[in-house]
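Subject: Structure handover

Hi,

Here is the structure I promised to pass on to you. Please have a look at it first, and then read my notes below.

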Amino acid sequence: MQFTVHSKTIAELDYDSQTCLLRVLYKDGRVSSVPNVAPTLVMKIVARIPVEKSSYLLQTAI
């Protein structure tokens, strides 16, 4: 699942639910990965993004 993030430093979050790997793409082009991230934690992070900015959350809400 990919989520566009509107923050000063982070451009995008990409979560692989198969491997529980969260990849963070920064606006300056850097990429970092965080292993063993629980899906519930990802939803808490993404919940801070307005629902209309996240198609996944919008589909879940509907």
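Two residues are in contact when they have heavy atoms within 4.5 Å of each other. With that in mind, among contacts in the protein chain between residues at least 6 apart in sequence, 16% join residues at least 24 apart. Please remember as you read that this is a predicted model.

Let me begin with the overall layout. The protein chain has 2 helices and 4 strands, and along the sequence they follow the pattern β-β-β-β-α-α. Of its 62 residues, 21% count as buried. The chain exposes about 4500 Å², and carbon and sulfur atoms supply 57% of that area.

Now to the sheet. The 4 strands form an open sheet in the order β1-β2-β3-β4, with antiparallel pairing. At its edges stand β1 (2-4) and β4 (31-34); each has a single partner strand, so one side of each is left without a neighbour in the sheet. From one strand to the next, the twist averages 15 degrees.

Which residues make up the largest nonpolar core? There are 9 residues in all: Phe-3, Val-5, Leu-13, Tyr-15, Leu-22, Val-24, Val-37, Val-42 and Val-46. The elements that give two or more residues to this core are β2, β3 (21-26) and α1 (39-47). As general background, nonpolar side chains tend to be buried together in soluble globular proteins.

Leaving aside residues up to four places away in sequence, Tyr-15 touches Met-1, Cys-20, Leu-21, Leu-22, Val-37, Ala-38, Pro-39 and Val-42.

Finally, a word on two loop residues with backbone angles to check. Cys-20, one of the residues that Tyr-15 touches, lies in the loop between β2 and β3. Cys-20 has a positive phi of about 60 degrees although it is not a glycine. Is Cys-20 buried, partly exposed or exposed? Its relative accessibility is 24%, so Cys-20 counts as partly exposed. Asn-36 sits in the loop between β4 and α1, and Asn-36 also is not a glycine, yet has a positive phi of about 55 degrees. With 68% relative accessibility, Asn-36 counts as exposed.

Best wishes

Notes:
Residues are numbered from 1 along each chain as its sequence is written. This is a predicted model: local features need pLDDT of at least 70, side-chain atom pairs count only at pLDDT 80 or more; totals for chains, interfaces and linings use all residues. Side-chain values use heavy atoms; hydrogens and water are left out. Two strands pair if DSSP finds at least two bridges between them. Axes are lines fitted to C-alpha atoms, for helices over the stretch in contact, and angles run from 0 to 180 degrees between N-to-C directions. A nonpolar core is a set of buried Ala, Val, Leu, Ile, Met, Phe, Trp, Tyr and Cys residues joined through side-chain atoms within 4.5 Å. Buried means under 20% relative accessible area, exposed over 50%, partly exposed in between (1.4 Å probe, protein chains only). Accessible areas come from the Shrake-Rupley method with a 1.4 Å probe; for residues, only the protein chains shown count as cover.
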